[in-house]
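These are my notebook entries on a structure I looked up. I wrote down what I checked, one topic at a time.

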Amino acid sequence: MDVTPETVASAVSSVASSRGRGTLPNLMAFARALKQLGIKVSLSQVLDVSRSVDFVDIGARPDFRALLRANLISQKEDFPVFDMAFDCFWREQTYERMPMETLEIQGTPTESDAPEGGDEEGGLEEAASEAMANENLQLENLDEFAVPTYSPQELMNRKDFSEMGVEESRAIARAIMLIATKIATQISRRKKVGRKGSTVDPRWTMRRSMKYGGEVIELVRRKKRIKKTKVVLLCDVSGSMDCYSRFLIQFMYGLQNELWGVETFVFSTSLSRITHLIRTKDIVNALDKISGSILGWSGGTNIGRSLHTFNRNFAPSIVTHRTVVVIISDGWDRGDVSLLEREMQDLKRRAKKIIWLNPLLASENYEPLCKGMQAALPYLDLFLSVHNVNSLVSLGRTLQKMVA
Amino acid sequence: MDLKQLTIEQVQEILLKEKYVCDRSLATVVYLSLVMGKPLLLEGEAGVGKTEIAKVLAKVLDAKLIRLQCYEGLDANTALYEWNYPKQMLRIKLEEVEHGDKAKVETEIFSQDYLIKRPLLEAIQTDGANPPVLLIDEIDRADMEFEAFLLEVLSDFQITIPELGTVSARHRPYVFLTSNRTREIHDALKRRCLYHWIEYPTFEKEYEIITTKFPEVEAKMAQQICAFMQKVREMNFYKRPGVAETLDWASALIALNRKNLDDKSVVETMGCVFKYREDLHHLREQVESRQLNLDTLLRVSPELVS
């Protein structure tokens with residue numbers, strides 16, 4: 001959800017009616033405004049805040065801000081939204097209840113460069129109009145980059161699943177399930193009690209020996225557990241991949257619903273996370289949501305920059321030494337090749353495996369000659385083709401070998 | 001220390017006395033965590049002083065520091081308690097030789113004497129005037145199962161040992177959790193904690209940190225170090241250096257008796273700041289190709305308002 005000063009203002013004004021004179025009603029209203037802005041806040045957190053306001057001087061605005069933030073926010077990404085909402089919500093309140101001098105606050109820079117809720121009177125309108133101007137500017141910029149505009153309806157028609165035969169669709173689903181289970185079974189370092197285990201479990205051995213008067217007769221063993229591998233999907237949805245996109249969506253969707261812990265991203269000139277959009281059993285709705293929210297679908301490609309965004313913003317928390325990163329792209333890159341190479345190197349270091357699926361690989365006269373593909377090749381653990389069901393089945397077999 | 005009398009300013013002050021420089025918002029959060037008895041989850045890049053603050057606090061509160069370093073596969077046995085099996089075994093053998101009472105042995109070998117306390121149980125059972133500081137370090141390295149288990153301990157501060165019964169905390173320990181964000185912590189755990197993200201320090205703050213830790217450092221060089229660190233954190237390195245690296249570097253330069261930074265000494269001592277071959281290589285390239293011009297960087301380093 002994109003949060004602009006406008007949406008913040010509307011969220012704040014929508015809870016205005018429930019605001020009262022005391023601290024608690026106001027806190028509740030503020031929490032509700034945050035919820036509307038997409039920040040998860042639980043009641044216990046709000047109660048904790050109301051408990052903690054006794055400990056600090058809430059007239060001191062920076063302290064009050066720190067207090068609310070520490071209690072209500074639990075990830076750094078939400079800070080900019082929180083700051084905007086805080087400025088917007090508690091400003092009006094301050095006029096009623098607090099002396100003017102506490103109003104001087106230091107604006108925390110927001111990541112999106114969006115104008116803040118304003119520190120002075122009438123800042124709201126200004127911020128709103130500025131935001132409008134900003135938005136227009138962005139739209140103009142987009143035009144310059146010649147990203148094709150689209151109507152969601154049209155997109156839906158073009159990428160409709162119904163075009164795919166039922167048989168084919170089913171076959172794909174089966175193949176995906178096979179792949180998913182292959183990826184999902186990996187040995188864990190945690191152990192459980194099992195008859196054929198390799199190490200002795202002293203705790204249980206001791207326990208069992210009690211019934212023989214302390215004589216160790218049975219050895220209880222532990223064996224390794226099977227652990228799930230995480231998968232990150234990075235799908236190219238630029239113009240050159242258009243003819244595969246129906247298949248891609250089904251692949252992303254299928255994998256994410258079969259496996260626990262799949263993160264899905266799509267990229268063209270920029271990167272967007274769509275995990276939350278396809279976390280549903282309702283595929284038609286999911287499609288609707290995706291096409292409604294991804295700008296630059298069927299646009300140009302900048303793999304390097306997209307990977308850079310991924311490495312900077314998402315990889316630290318998502319990619320670990322047991323994550324398999326699957327990139328699906330034809331490798332036609334219009335961006336900076338050296339950046340692509342550096343980012344591939346970075347990613348390689350973080351991830352367990354990198355698999356690149358290239359739909360073009362199947363055609364006989366294809367060689368990975370384009371610069372982007374060339375740069376990425378040394379960092380790949382697997383370079384495979386995906387263009388039909390058979391290739392998916394062979395992908396499943398390869399994964400099985402790799403994980404075992 | 002009487003917590004009821006504590007103020008945010010005092011927190012900042014006592015931390016500074018132990019050479020920990022912290023800004024107002026961090027001090028506020030630490031203060032709240034102390035007075036509310038709520039665990040504090042600290043996140044931030046590596047080397048910004050997440051672990052350090054717990055250590056320093058234990059010192060100033062005159063409390064015992066109990067540290068639980070998390071790793072993958074960490075389980076309840078290693079974190080909570082374990083029975084001392086060899087000792088139990090020996091005891092049983094001994095009784096056997098002496099033809100002791102079987103029922104008596106059975107109850108005895110499951111008593112406190114045969115219990116090995118691991119960090120979490122220790123934190124809950126600690127005697128003494130002050131509650132201990134429990135530092136659960138790098139929680140992101142442990143797996144989800146452990147997190148769920150921790151949730152239970154942190155909400156009630158009591159542990160049930162089937163053979164002994166329930167042990168509850170005499171004093172609620174001050175709990176600090178740190179995470180490097182190599183994965184996301186579960187919401188349920190986050191909700192039980194106060195949250196703070198420690199940023200890389202600003203130029204002024206980093207300068208203050210260096211001069212607090214090393215009062216003997218030349219002001220000029222300290223400024224140069226800070227300017228350099230600020231610059232490289234903006235650049236594209238695999239591992240951006242934290243405050244820990246800054247301090248390492250500063251102490252190295254002091255040990256080498258440098259009063260001033262120049263191209264040569266930067267390249268020579270870069271091993272303190274960058275720990276990856278690619279990063280060192282990248283830096284050398286940048287210096288050689290004059291992309292990163294040390295002369296201008298060091299000259300224009302912002303002057304401090306004294």
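How far does helix 14 of chain B reach from its first C-alpha to its last? I found that helix 14, residues 277-288, has 12 residues and reaches 16 Å, close to the 16 Å expected at 1.5 Å a residue. The expected span is 1.5 Å times one less than the number of residues. Helices (H or I, at least four residues) and strands (E, at least two) are DSSP runs, numbered from the N terminus.

**The model**

I noted that this is a predicted model, in which local features need pLDDT of at least 70, side-chain atom pairs count only at pLDDT 80 or more, and totals for chains, interfaces and linings use all residues. Residues are numbered from 1 along each chain as its sequence is written, while chains are lettered from A and ligands numbered from 1 in the order in which they are written. The model scores ipTM 0.74 and pTM 0.64. For chain B, the mean pLDDT (the predictor's confidence in each residue, from 0 to 100) is 86, and 95% of the residues reach 70 or more.

**Chain B: positive phi**

Most residues other than glycine have a negative phi. I looked for positive values in chain B. Asp62(B) has a phi near 55 degrees and sits in the loop between helix 3 (50-60) and strand 2 (65-69) of chain B. Asn257(B) has a phi near 60 degrees, and its place is in the loop between helix 12 (243-255) and helix 13 (263-269) of chain B.

Are Asp62(B) and Asn257(B) buried or exposed? A residue is buried if 20 or more other C-beta atoms lie within 10 Å of its own, exposed if 12 or fewer, and partly exposed in between, with C-beta atoms placed from the backbone. Asp62(B) counts as exposed because it has 10 C-beta neighbours inside 10 Å. Asn257(B) counts as exposed because it has 6.

**Chain B: a hairpin**

I followed strand 6 (residues 158-161) of chain B into strand 7 (residues 165-168) of chain B, and a hairpin joins them through 3 residues. They pair in the antiparallel sense over 4 bridges; pairing needs at least two bridges found by DSSP. Gln158(B) stands opposite Ser168(B) in strand 7 of chain B.

**Chain A**

I counted 15 helices and 9 strands in chain A. Buried residues make up 37% of its 404 residues.

I then picked helix 13 (residues 337-350) of chain A, which has 14 residues and reaches 20 Å. Its buried residues include Leu340(A), Glu341(A), Met344(A) and Leu347(A). The buried residues of helix 13 of chain A pack against helix 12, strand 7 (323-328), strand 8 (353-357) and helix 14 (371-376) of chain A.

**Where the chains touch**

How many residues does each chain give to the contact? Chain A gives 30 and chain B gives 32. Two residues are in contact if their C-beta atoms, placed from the backbone, lie within 7 Å. On the side of chain A that touches chain B, helix 4 of chain A gives the most, with 6 residues.

**Nonpolar core**

A nonpolar core is a set of buried Ala, Val, Leu, Ile, Met, Phe, Trp, Tyr and Cys residues joined through C-beta atoms within 7 Å. The largest one has 106 residues, and Ala85(A) and Phe176(B) are among those that touch the most other members. Apart from it lies another core of 43 residues, including Leu234(A) and Met373(A).
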